[in-house]
Amino acid sequence: MSSDKSLTLANGRKMPVVGFGTWLVEKDVVGQALLEAADVGYRHFDCAERYGNQKDIGKALQQLWAKGYKREDFFITSKLWCTRHDKAEASIKRTLADLQLEYLDLYLVHFPEAFPAGTSEEVMAVNCMIHEESGGDSPYSSVTVKETWQGMEPLVEKGFARSVGLSNFAVSEIKDLLTYATVRPSANQVELHPYNASPDLVEYCQQQNIAVTGYTSLANPYFLNEVDPDNPRRAGVKLEPLMQNEKVTAIAKAHGKSAAQVLLRWGVQRGYSVLIRSMRRERLTENAGIFDFELTSAQMETLMSLNVNFKLVNPPWRRWPQE
C-alpha cells in the first residue's frame with residue numbers, strides 16, 4: 001500500500017499530498033478553519049491573492065507560530081493573479097506581507113491569461129463573451145505567458161519563493177513554456193476529479209517531473225448547481241453530485257470509508273496531491289484519513305470511467321487550447 005504522504009518536487013523539496021484549500025473560505029472564518037486544519041495535522045496550505053483572504057490567513061499563521069508550530073514544517077502556496085502578470089515580484093512581495101511570511105514554498109501563475117490592470121473577473125467574462133459575438137479588439141492584456149514566466153523565474157534566486165509553478169495550464173501551454181524556461185515549473189495545479197480526470201495532462205506533467213495538485217477534488221454539488229449558472233459552457237450539463245454516484249458509494253461501502261475519502265484516495269493513488277476545504281474539524285479529520293486503505297485496480301478504473309471531461313471551474317475568459 002502506498003503510504004507516502006508527500007510528493008518530491010523537481011528541486012528536491014517535499015510537498016504534502018493532502019492540503020487545506022482556502023478558495024471560497026470567507027475572511028471571517030478562514031483563520032479559525034486554518035487553525036483547526038493545523039491542529040488535526042494539515043501542513044500544506046493553498047492560498048491566492050484572488051481569494052481575498054490572505055491577510056486573515058496571515059493573522060492565523062502568526063497564531064500558529066505563537067503556539068510553537070514551526071514555519072519550516074509547513075508548505076504554503078500562493079498565486080499570481082491575471083491582472084498582475086507583469087508584476088510578479090511586486091505581487092509576491094504583497095502576498096508575503098499579507099501572509100506575514102518571509103518566503104513561499106510555491107508560487108504559481110494562477111491562469112495563463114493576462115487581464116488589463118484593474119479589470120475584474122466579472123467584467124472580463126462579459127468582455128470575452130462580447131468579443132466572441134462581435135469581434136473587435138481583444139479584451140486580454142498584451143502580456144505574454146513567456147513574459148510572465150520570465151518575471152517568475154528570478155523569484156527563486158531572490159529567495160521570495162522556494163519553487164515556482166503553474167495553475168490551470170494545459171499540455172500544449174506547458175510544452176510551449178518548456179521551450180524557453182530557464183527555471184522549470186515545479187508544479188501544475190488543476191481541477192481534477194472523476195468527472196474531469198484529465199489523464200493526458202496528469203501523465204504529461206508526471207513525465208516532465210512536474211508535480212500535480214488537484215483542486216475541486218470532490219466535485220462539490222455547489223459547483224454543479226450554483227456556480228456560474230449563466231456561463232454558456234455549462235448549458236445543458238446535468239451531473240449528479242459525485243459523492244452520491246452509486247459507483248462511488250459502492251466502493252466507499254466496500255472499504256468502510258466515506259465517498260469523500262474514496263475520491264481523495266483516487267487522486268493520491270494517481271500520484272498527485274489533493275486539496276480539501278472544510279470548516280468542520282470532524283470533516284477535516286475524516287478527509288485526511290486516506291492512508292490506511294488502497295483502491296484496487298478495478299476500483300480505480302471504475303472511477304476513471306466516470307470521466308466526461310467536464311470542468312466545474314470553466315470561466316468564459318479561459319481560452320482552453322484544443323487538445
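Is Val268 buried or exposed? I looked this up first, in what is a predicted model. Val268 has 10% relative accessibility and therefore counts as buried, the cut-off being under 20%.

**Entry: Val268 and Ser6**

I placed Val268 in helix α11. Leaving out residues up to four places away in sequence, I listed its contacts as Val17, Val274, Ile290 and Phe291. I then checked Val268 against Ser6, and found the two 262 residues apart in sequence but 9.8 Å apart in space, C-alpha to C-alpha. Ser6 belongs to strand β1, residues 6-8. With neighbours within four places set aside, Ser6 is in contact with Lys14, Met15, Pro16 and Val17. I noted that Val17 is on the contact list of Val268 and also on that of Ser6.

In soluble globular proteins, nonpolar side chains tend to be buried together. Here the largest nonpolar core holds 86 residues, and the members that touch the most others are Phe45, Tyr107, Trp149, Met152 and Ile174. Helix α11, residues 259-269, gives the most to this core, with seven residues. Another core, of nine residues, lies apart from the largest one and has Trp81, Cys82, Phe111 and Met124 among its members.

I followed up Met152. Not counting residues up to four places away in sequence, Met152 touches Leu80, Ala88, Tyr107, Leu108, Val109, Val164 and Gly165.

**Entry: aromatic pairs**

How many aromatic pairs are there? I have 11 on the count. I wrote out Phe20 with Tyr42, an edge-to-face pair at 6.5 Å centre to centre and 75° between the planes. Phe20 is in strand β3 (residues 18-21), while Tyr42 is in the loop between α1 (27-39) and β4 (44-46), so this pair ties together parts 22 residues apart in sequence.

Trp81 lies in the loop between β5 (75-80) and α3 (88-99), and Phe115 in the loop between β6 (106-109) and α4 (121-134), so the pair ties together parts that are 34 residues apart in sequence. Trp81 counts as buried at 8% relative accessibility, and Phe115 is buried at a relative accessible area of 2%.

Ring pairs also link a cluster, made of Phe20, Tyr42, Phe45, Trp65, Tyr69 and Phe74. Phe45, I note, is also one of the residues that touch the most other members of the largest core.

**Entry: charges over Tyr103**

I looked at which arginines sit over the face of Tyr103. Arg71 does, at 4.1 Å from the ring centre. Arg162 does as well, at 3.6 Å from the ring centre.

**Entry: helix α2**

I compared the span of α2 with expectation. Its 13 residues should span 18 Å at 1.5 Å a residue, and its end C-alpha atoms are 18 Å apart, which agrees. I have its buried residues as Gln54, Ile57, Gly58, Ala60, Leu61 and Leu64. Lys55, Lys59 and Ala66 are exposed, on the face turned away from the buried side. The buried residues of α2 pack against α1, β4, β5 and α3. After α2 comes Gly68, with a positive phi near 110°.

**Entry: helix α3**

I repeated the check on α3. It has 12 residues and reaches 16 Å from first C-alpha to last, close to the 16 Å expected. I listed Ala88, Ser91, Ile92, Thr95, Leu96, Asp98 and Leu99 as buried. These cover an arc of only 160° around the axis, which puts them on the same side of α3. I found that the buried residues of α3 pack against α2 (54-66), β5, β6, α5 (145-152) and α6 (154-157). Gln100 follows α3, and its phi is positive, near 55°.

Definitions and conventions: Residues numbered from 1 in each chain as written. Predicted model: local features only at pLDDT ≥ 70, side-chain atom pairs only at ≥ 80, totals over all residues. Heavy atoms only, no water. Phe/Tyr/Trp six-rings, centres within 6.5 Å; stacked < 30°, edge-to-face > 60°. Helix = DSSP H or I, 4+ residues; strand = E, 2+ residues; numbered from the N terminus. Buried < 20%, exposed > 50% of the residue type's maximum accessible area, 1.4 Å probe, protein only. Lys NZ or Arg CZ within 6 Å of the ring centre and 35° of its normal. Expected span 1.5 Å × (residues − 1). Arc of directions from axis to C-beta. Contact = heavy atoms within 4.5 Å. Core = buried A, V, L, I, M, F, W, Y, C linked by side-chain atoms within 4.5 Å.
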